[in-house]
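Subject: Structure handover

Hello,

Here is the structure we talked about. My notes on it follow below.

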Amino acid sequence: MANRVIDKYRPNHINLKRSKCVFFTFKRDFINMGWLEPDPVPFSGLFVDSDCLDQSKLWVFSLNLSTVITQLKQCDVKDEDLKGFAESYWNTRFPFEYYVQNYKAIEERWLKAFEKYSNTINPNYYPEVLYFGEVPGQYLQLFSPDS
């Protein structure tokens, strides 16, 4: 749902299509968001070592903004009214290695910029890792709380 809107308002100089990527998250965020907590429905997932991927195809974006766009689309907000959010989403992109080396500063700047809205949206920065390419199966590892 968000992919269509985000791709629609992608700046012309960016040759990435969110609708054609593989989504990942960092292991620390996976843990911090409580996704490994005991759950009535057992969870399994796939993990990949980012060192095995083509770094030029690996980018980090704001999960916060893509979530807001998804939630607003579910409320039947028109695409035109989401243009600013979608354009802002593209402005949150960082090459993977840059993000890994600077994530604390990025998260601090984000928190400072959004702290005045903390009573309406979560001001913490949550990254989503997007890979704009094929992920070779041999690099995928199955994760399960039981394994």
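Start with the contacts. Among contacts in the protein chain between residues at least 6 apart in sequence, 79% join residues at least 24 apart. Contact here means heavy atoms within 4.5 Å.

Some ground rules. This is a predicted model, in which local features need pLDDT of at least 70, side-chain atom pairs count only at pLDDT 80 or more, and totals for chains, interfaces and linings use all residues. Residues are numbered from 1 along each chain as its sequence is written, and side-chain values use heavy atoms, with hydrogens and water left out.

**Overall layout**

The protein chain has five helices and six strands. Along the sequence they follow the pattern α-β-α-β-β-α-α-β-α-β-β. Helices (H or I, at least four residues) and strands (E, at least two) are DSSP runs, numbered from the N terminus. Of the 147 residues in the protein chain, 33% count as buried. Buried means under 20% relative accessible area, exposed means over 50%, and partly exposed lies in between (1.4 Å probe, protein chains only).

**The sheet**

Four strands form an open sheet in the order 1-5-3-4, with antiparallel pairing. Two strands pair if DSSP finds at least two bridges between them. In general, strands of a sheet pair through backbone hydrogen bonds, either parallel or antiparallel. The edge strands are strand 1 (22-24) and strand 4, each pairing on one side only. Helix 3 packs on the sheet and touches strand 3 and strand 5. The direction of helix 3 makes about 60° with that of strand 3. Such angles run from 0 to 180 degrees between N-to-C directions, and axes are lines fitted to C-alpha atoms, for helices over the stretch in contact.

Look at strand 3 (residues 58-62). Five of its five residues are buried, so strand 3 is largely enclosed by the rest of the structure. Both of its faces are covered. Leu58, Val60 and Ser62 are buried on one side, and Trp59 and Phe61 on the other. Strand 3 runs antiparallel to strand 5 (residues 127-131), and five bridges join them. Trp59 stands opposite Leu130 in strand 5. Strand 3 also pairs with strand 4 (residues 94-95), again antiparallel, over two bridges. There, Val60 has Phe94 as its bridge partner.

Leaving out residues up to four places away in sequence, Ser50 touches Gln55, Leu58 and Phe96. The C-alpha atoms of Ser50 and Glu97 are separated by 9.9 Å, with the two residues 47 apart along the chain.

**Helix 3 and helix 4**

Two packed helices are described by the angle between their axes and the distance between the axes. The axes of helix 3 and helix 4 (residues 83-90) come within 9 Å and cross at roughly 160°. That makes helix 3 roughly antiparallel to helix 4. The cut-offs are under 35 degrees for roughly parallel, over 145 for roughly antiparallel, 65 to 115 for roughly perpendicular, and oblique for the rest. The crossing is left-handed, meaning that the near helix is turned anticlockwise from the far one by less than a right angle.

Helix 3 brings Leu65, Ser66, Val68, Ile69 and Leu72 to this contact, and helix 4 brings Phe85, Ala86, Ser88 and Tyr89. By class, the contact has seven nonpolar, two polar and no charged residues. Ala, Val, Leu, Ile, Met, Phe, Trp, Tyr, Cys and Pro count as nonpolar, Asp, Glu, Lys and Arg as charged, and the others, Gly among them, as polar.

- Ser66 lies in helix 3. Ser66 is buried, at 4% relative accessible area. Beyond four places in sequence, Ser66 contacts Ala2, Ile6, Arg18, Tyr89 and Glu128.
- Lys73 sits in helix 3 (residues 63-74). Lys73 is buried, at 14% relative accessible area. Residues up to four places away aside, Lys73 touches Met1, Arg4, Val5, Asp79 and Leu82.
- Asp76 is in the loop between helix 3 and helix 4. Asp76 is exposed, at 68% relative accessible area. Its phi is near 60°, a positive value in a residue other than glycine. Most residues other than glycine have a negative phi.

Best wishes
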